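Trainee: May I ask for a close look at a single part of this model, namely the place where the two chains meet?

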Amino acid sequence: MTRSASKFPKAAAVLFGIGCFTALIYAIEILIRIGLINRFIVPFPSEIIASFPRIVIEEGVPSRFLLTAIEALTASVMLSIVGISLGVLLHRVRLVRLATETWIAAFASAPLVLMYPLFLVIFGRSAWTIIMIGFVAALPPVILKTLEGLAGTRAVLINVGRSFKLTPAQLYWKILFPAALPNIFVGVRLGMIFALINIVGVEFLINFGGLGQLVNELAERYDLPGTYAAICFVILVSIVFFVVTERIEQWLRPGT
Amino acid sequence: MATTGNLTAAPLAARPVLGAVTLLRIAILIAIVAIWEAVAASGLLFRDVVPSLLVIGRQLLLILIHPDFPLHIDLGLGSSLVFDLKIPEFYRHLWVTVSEVATAMVIGGIAGLAVGLALGANPFLSDAFERFLYWLGPTPKIIFFPIMIMWFGVGPGSKVAMGTLSCFFPVALSVAAGMRQIEKVLIRVGKSFRANTWQMITKIYLPAMRQPIVNGARLGMGVAVIGTLLAETKLSNRGVGFLIINAYSTFDMPRMYALLIVLFVVAIGANALVARASRG
């Protein structure tokens, strides 16, 4: 990303951003207190902050977080195994690739998460419905990125392998796979983000599972500060997950 | 010349491969249909969970062509221009969803464009605020639905708000990134002609950013469709999302499959159209 330099140091800009965010929260608090914002629609930010310990202890946030994390992890493992395997298959068998690549790309643009009622019928109102939706909705980017990584391996590397008379299996494990690994991880990371989004979303929609269900339950009880606090908690989890996977990606793709 | 010979020979060599691809596609489709019908006939899954494709096809036709919803059109120019028609009810719901998504795209798109232009043009603002958008972009937007219901009610407003929220982030981030990639020489030309801010936006920035804007709109459309439809499945009495969840509630599986097929075809088709427009 090309970026023209700011006249101000970056730290000043970051502080300004954080300052604006804090000022916005104070402004909302004041607007609610003077009655310009209805307190029965938007709770006091101070109440939201105060309700964090309450929802963590009373609503069992750690166990719900663990449940969502296990669902996301299961879906991620499944989509890594199946997605990478299918990507390798498409790379190896050119005919299958030509026949199905456009279909997979089309599926990537389809709102697959809307299939959740169908999964509810097949798997029941259980964690497997949530995991399978996360898995199916996140599969296309993993397949496509694996294929892109393998197909984009520099010809000189493959030629080096061939000159050493590597077997096809050795060529894959010693040359193609390591060269494609950064791209494959981009696909897996995208898949994991899609999986987490869909998992929390379906938990909310079917009122089952971990953090998504927590938001739904608190909203149904009209616990406004709790609902807002739970939403903030989900956002926090998403951001941490996003930043950690981004750091891993940068470590795998130095210079990007 | 030797190269000319190669060039003319290439299409002949490629022809059998294309034939094989088509054959394989047909074989895959036949295999899927055969497996589906075998599972439907075997009763391995619960009854009606996997209905026969013929039943789904019949339901698809019913949804698309069976006129079961009375439509009264009054053009307000006397009794000669009053029409009483019957249309398939599906189109009424499709119209609701399409109008919600379109409204969401207009609001979210314009807001995203404005924020993206501001962030892309000003490095200080970008350093200060872009990370918030970058972090909030991949969060599951559907969890904001309870707040949207409180703010905009249970009607179409909350669905439009969900679509808008979903659409805003990809458009804003794509426009901001696109703006930073505009060639500096174009900006210098604009400034040397003493163009004001509005002229810079309309004459330099927007024409130079056509591709990022279309890409952002394409991404935004995809997530706006998902956000709106998911909201409809959660709480609504109109729209395609409502039809799907209603079919699930009444265990009308053939209807649910048929609706999902129509929805996927519409979504994939719309995406392909935008992609083609961006290339054209």
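The reply below describes that part.

Mentor: This is a predicted model, in which local features need pLDDT of at least 70, side-chain atom pairs count only at pLDDT 80 or more, and totals for chains, interfaces and linings use all residues. Residues are numbered from 1 along each chain as its sequence is written, while chains are lettered from A and ligands numbered from 1 in the order in which they are written.

At the meeting of the chains, 45 residues of chain A are in contact with 44 residues of chain B; contact here requires that the C-beta atoms of two residues, placed from the backbone, lie within 7 Å. On the side of chain A that touches chain B, two or more residues come from each of α1 (10-33), α4 (94-108), α5 (116-123), α8 (168-206), α9 (211-220) and α10 (224-252) of chain A. Such helices are DSSP runs (H or I, at least four residues), numbered from the N terminus. With 7 residues, α10(A) provides the largest share of this side. Sorted by class, the side of chain A that touches chain B holds 34 nonpolar, 9 polar and 2 charged residues. In this scheme Ala, Val, Leu, Ile, Met, Phe, Trp, Tyr, Cys and Pro count as nonpolar, Asp, Glu, Lys and Arg as charged, and the others, Gly among them, as polar.

The domains give the setting. Chain A is assigned domain 1 (10-42) and domain 2 (51-252), with bounds from an automatic or database domain assignment. Taken over C-alpha atoms, the centres of these two domains of chain A are 34 Å apart. Chain B comprises domain 1 (2-50) and domain 2 (87-279), and 34 Å lie between their C-alpha centres.
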